[in-house]
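Visitor: Could you show me how to read a few local features of a model, taking each idea in general and then its case here?

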Amino acid sequence: MFITLEGPEGSGKTTAVEAAVKALQDKGYQIVRTREPGGTPISEEIRNVILDKKNTAMDPRTEALLYAASRRQHLVEKVWPALKEGKIVICDRYLDSSLAYQGGARGLGVDNVLNINLFATENTWPDLTLLFDIKPEEGLKRIASNSSREVNRLDLEKIEFHNKVRETFLMLAKRYPDRFVIIDASKSREEVAKATLDAILNRLCK
Ligand code: TYD
């Protein structure tokens, strides 16, 4: 089972899933936790290029292609082998982030960005996508108050950009209702963690 975590900046998706991972491991499931962009040495190098605050001249299509390249390498080296071994892969961000950030917010078009990603992923879709939904103002406030999370090039975009990201994620959830579960990330840590575990267990029992 391939699970992806999506949402705007500062939605708390990484923290929310920690408790769920522990509970699943206690039940005997083998979990691989990973993230995009990154997750393998080559993909991490691509990540550094994409997120470097110096790279303000990066063209939107270059950005979309680099995310897709990093995604492919991560699938080949980490995700596909783990899925083949019957493990549950839980990945912070995947193809929907490209659709929302590059397709929606950067204005490249969701379907254009989907096309390059279908090539990159050979049509590998997640079984379950948890969308941690939160208003951008709230999410960005959380990042500002969390000193352990470094501010990256995309965080520095204007609020309209982040509103567009959120809007596109919500549109994608409507477009792919069988795969998406929306979690209200503005709720308390405990409530969000419980909703996360419930959504995963529900899918595992299907
Ligand atoms: P990261 O520090 O991992 O942020 P977060 O904790 O919010 O996941 O940075 C990843 C950034 O890259 C984030 O701003 C979202 C963006 N992104 C895209 O624009 N397109 C993509 O395809 C992916 C995977 C991420």
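Guide: Let us begin with a polar contact, here the one of 3.0 Å that the side chain of T40 makes with the side chain of S43. The term denotes a pair of N or O atoms within 3.5 Å; within protein, one must be able to donate a hydrogen and the other to accept it, and residues adjacent in sequence count only if both atoms are side-chain atoms. The model is predicted, so local features need pLDDT of at least 70 and side-chain atom pairs count only at pLDDT 80 or more, while totals for chains, interfaces and linings use all residues. Residues are numbered from 1 along each chain as its sequence is written, and side-chain values use heavy atoms, with hydrogens and water left out.

Visitor: Where does T40 lie, and is T40 buried or exposed?

Guide: T40 belongs to the loop between β2 and α2, where helices (H or I, at least four residues) and strands (E, at least two) are DSSP runs numbered from the N terminus. T40 is buried because its relative accessible area is 5%, the limits being under 20% for buried, over 50% for exposed and partly exposed in between (1.4 Å probe, protein chains only). Residues up to four places away in sequence aside, T40 touches Q73, H74, E77 and K78, contact meaning heavy atoms within 4.5 Å.

Visitor: Which residues does E36 touch?

Guide: With residues up to four places away in sequence left out, E36 touches R47, R71, H74, C91, D92, R93 and Y94. E36 sits in the loop between β2 (31–35) and α2 (41–51), and it counts as buried because its relative accessibility is 5%. A polar contact of 2.8 Å joins the side chain of E36 to that of R71.

Visitor: How should I read the backbone angles, and what is the peptide bond from E36 to P37?

Guide: Most peptide bonds are trans, and most residues other than glycine have a negative phi. The bond from E36 to P37 is cis, with omega near -15°, and P37 lies in the loop between β2 and α2. Positive phi values occur at E122, near 50°, and at N123, about 60°, neither residue being a glycine. E122 is found in the loop between α5 (110–121) and β4 (128–133), and N123 is in the loop between α5 and β4. E122 counts as partly exposed because its relative accessibility is 48%.

Visitor: Which residues come nearest to the ligand?

Guide: A residue is near a molecule if one of its heavy atoms lies within 4 Å of it, and of the 16 residues around the ligand, E9, K13, R93, S98 and Q102 come nearest. Taken alone, the ligand exposes 550 Å², of which the protein buries 93%, with areas from the Shrake-Rupley method with a 1.4 Å probe. Two or more residues of the shell come from each of α2, α3 (60–84) and α4 (95–105), and α4 gives the most, with four residues.

Visitor: What is V79 in contact with beyond its neighbours within four places in sequence?

Guide: V79, placed in helix α3, is in contact with F2, H74 and V89 once those neighbours are set aside. F2 is 77 residues from V79 along the chain, yet their C-alpha atoms are separated by 8.3 Å. V79 is buried because its relative accessible area is 1%.
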